[in-house]
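Here are my notes on the model you sent over. I started with the ligand and then moved on to the packing.

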Amino acid sequence: MTAELQKVEIPPQLTVRELAEDLNVSPIAVIKELMNNGIMASINQMIDFDTAAIVGEEMGFEVVPVQEEEPEPAAELEKAVSLRHQFIENEDPANLEPRPPVVTILGHVDHGKTTLLDTIRHTSVVSGEAGGITQHIGSYQVVVDDRKITFLDTPGHEAFTAMRARGAMVTDLVILIVAADDGVMPQTKEAIGHARAAGVPIIVAINKIDKPNANIEKVKQDLANEGLVPDDWGGDTVCVPISALNNIGIDDLLENILLAVEVAELKANPNRPAQGTVIEGKLDEKRGVVANLLVQNGTLKQGDLIVIGTQYGRVRAMFNDRGQKIKKAGPSMPVSTLGMPEVPQAGEIFEAVKNKKAAEALVEEHLQEAQTSRTQARAPMSLEDFLTRLEGEEVKELNLIVKADVHGSLEPIINSLQTLGDEQHKVHIVLQGTGNISESDITLAVASNAIVVGFNVSVDEAARRTAELEKVEVRLYRVIYKLIEDIDLALKGLYEPVYEDRVIGHAEVRATFKVGRRTIAGSYVTAGKFTRHANVRVVRDRELLYTGEVSTLKRFTEDVEEVAAGYECGISVEGFDDFQVGDILEAFVRERVN
Ligand code: GDP
């Protein structure tokens with residue numbers, strides 16, 4: 001009697017690893033069996049059903065095809081694709097055609113971003129067009145196996161996130177470059193945070209493998225610690241060892257890019273007026289305003305009228321990344337254009353329109369939008385209104401960027417933060433890291449609507465200015481439990497800001513006079529200062545008579561913002577006209593202390 005063979009269901013295609021898992025044997029055993037059959041395969045190599053069946057049967061299994069459902073694209077990719085829909089959401093799917101992916105390279109300084117961009121560019125020039133002198137236009141296209149890939153060639157996550165903060169979403173995939181002799185460094189972690197916050201999938205290029213002290217395994221360990229588990233460790237992060245300098249592994253990297261984006265089905269409608277994003281804008285002495293654009297939907301043609309923000313102009317001339325004059329550019333194609341009246345900013349959206357009337361109408365619309373956003377101001381996320389801001393959303397996530405002085409304090413903070421909340425109220429750590437709060441932290445906060453919390457760190461000057469301008473809430477703590485408590489209260493909707501009064505100056509009333517129905521206190525500032533926006537306590541014979549806001553503050557007949565000690569001024573106080581000579585005025589401001 002022969003033992004019944006164990007039945008195993010196998011999909012039409014699978015990797016060696018997956019086959020080993022399905023058969024419940026070691027991948028090495030599968031690789032050996034493949035070798036016996038003359039097939040040299042690596043662990044992540046795809047094999048087809050027939051090959052898998054031969055291996056399986058030789059190993060004593062009965063192999064049958066599985067009725068595979070359409071494979072779900074990875075959640076990450078799905079998210080990235082939905083972001084990409086900013087231009088094509090209203091398109092009829094019937095009009096959509098595949099477009100090349102747009103890739104950004106991020107990583108720690110000196111890990112080889114620029115070298116990799118150069119190597120890719122010079123080894124994979126668009127076929128048949130070689131020989132042209134490459135032009136820096138902020139992005140370029142290469143051809144791999146007859147398929148195009150567009151690289152944004154402004155490395156650095158600041159540029160990446162600055163663009164995103166302006167609402168532009170151009171990247172489909174991030175290549176995270178990590179030097180094998182250095183491992184995961186602070187900016188590598190930042191880059192991971194930025195890519196994750198954008199919902200863009202990551203492929204890792206482990207660079208400088210030619211160096212004698214290269215340690216690929218250590219890089220993989222570092223990556224796994226950051227939640228990017230390499231595929232040969234059983235995770236789903238593709239890691240490709242390369243030497244950007246010596247052109248090793250670059251083809252493999254490009255192949256992997258194409259594989260990764262295949263599932264995302266990147267599409268656009270080439271048969272409509274162009275839409276896309278400004279990659280760079282500059283003023284050229286000879287040629288005037290140069291706007292380097294990435295077409296994301298439609299086709300841009302020479303002579304098209306385009307609107308960028310509140311300006312419009314005709315595309316007088318158009319060049320590709322090799323400086324060649326071109327007449328039209330389809331989706332994912334980077335172009336350099338001449339003809340705009342003003343230098344546009346990176347991250348601004350451009351749109352081609354039919355005629356001048358349509359251009360003017362769109363400009364008017366943008367002006368109106370700018371007007372409303374100025375008057376309403378961007379509504380930033382803040383601790384106190386966290387719950388109200390997310391009214392109606394099923395899961396309310398408080399996005400945080402957490403910076404601490406040392407790793408030893410960061411870890412307990414993150415661990416405690418992650419235990420807060422419940423199913424519906426959660427903390428989402430967009431980025432964690434050590435060091436002062438930088439401008440790039442703030443741009444990331446803008447882009448991901450996050451609050452920045454710092455523990456025993458300070459805020460860089462540029463970061464402080466940007467935070468003020470963009471109204472990003474930055475909170476600094478010296479006590480861990482206080483930090484955790486505030487976030488906990490915010491999640492529970494109990495967070496109440498605490499205000500304290502701070503006295504800023506004293507004055508003595510030396511004369512009073514009437515102007516219309518109001519009484520002005522002619523006063524002498526004895527200490528500190530008085531300001532236009534301060535509150536005032538009126539004290540007579542050590543008794544508090546009245547508290548109110550300054551309504552006018554004058555030196556002689558001039559309205560002034562503030563008056564310092566040693567000067568005289570005229571003060572009137574909202575709702576109070578009963579000043580007497582000898583009254584003491586105390587100016588104070590209300591300040592938030594938590
Ligand atoms: P970036 O700051 O990330 O743009 O890094 P760069 O591309 O400027 O590279 C920093 C340094 O590393 C330069 O001196 C490069 O020549 C060197 N470098 C880049 N890639 C490799 C590589 O694969 N092997 C070696 N040995 N050096 C490399």
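**Notes on the ligand site and the cores**

1. Bear in mind that this is a predicted model. Around the ligand there are 15 residues, and Asp110, Lys113, Thr114, Thr115 and Asp210 come nearest.

2. Which element gives the most to that shell? Helix α5, residues 113-123, with three residues. Sorted by class, the shell has seven polar, five charged and three nonpolar residues.

3. Asp210 has a polar side-chain atom 2.7 Å from a nitrogen atom of the ligand. Lys208 has a side-chain N or O atom 3.0 Å from a ligand oxygen, and for Asn207 the distance from a side-chain N or O atom to an oxygen of the ligand is 3.1 Å. As for cover, the ligand taken alone exposes 580 Å², and the protein buries 74% of that.

4. On to the packing. The largest nonpolar core has 23 residues, and Leu116, Ile149, Phe151, Ile175, Leu253 and Ile257 touch the most other members. At least two residues of this core come from each of β6 (102-107), α5, β7 (139-144), β8 (147-152), β9 (173-179), β10 (202-207) and α9 (250-262). The biggest share, five residues, is from α9.

5. Leu116 is worth a click in the viewer. Leaving out residues up to four places away in sequence, Leu116 touches Ile105, Ile175, Ile177, Ile242, Ala244, Ile250 and Leu253.

6. As background, nonpolar side chains tend to be buried together in soluble globular proteins.

Key: Residues numbered from 1 in each chain as written. Predicted model: local features only at pLDDT ≥ 70, side-chain atom pairs only at ≥ 80, totals over all residues. Heavy atoms only, no water. Near = heavy atom within 4 Å. Polar contact = N/O pair within 3.5 Å; in protein donor to acceptor, adjacent residues only side chain to side chain. Areas by Shrake-Rupley, 256 points an atom, 1.4 Å probe, with all protein chains shown as cover. Helix = DSSP H or I, 4+ residues; strand = E, 2+ residues; numbered from the N terminus. Nonpolar A, V, L, I, M, F, W, Y, C, P; charged D, E, K, R; others polar. Core = buried A, V, L, I, M, F, W, Y, C linked by side-chain atoms within 4.5 Å. Buried < 20%, exposed > 50% of the residue type's maximum accessible area, 1.4 Å probe, protein only. Contact = heavy atoms within 4.5 Å.
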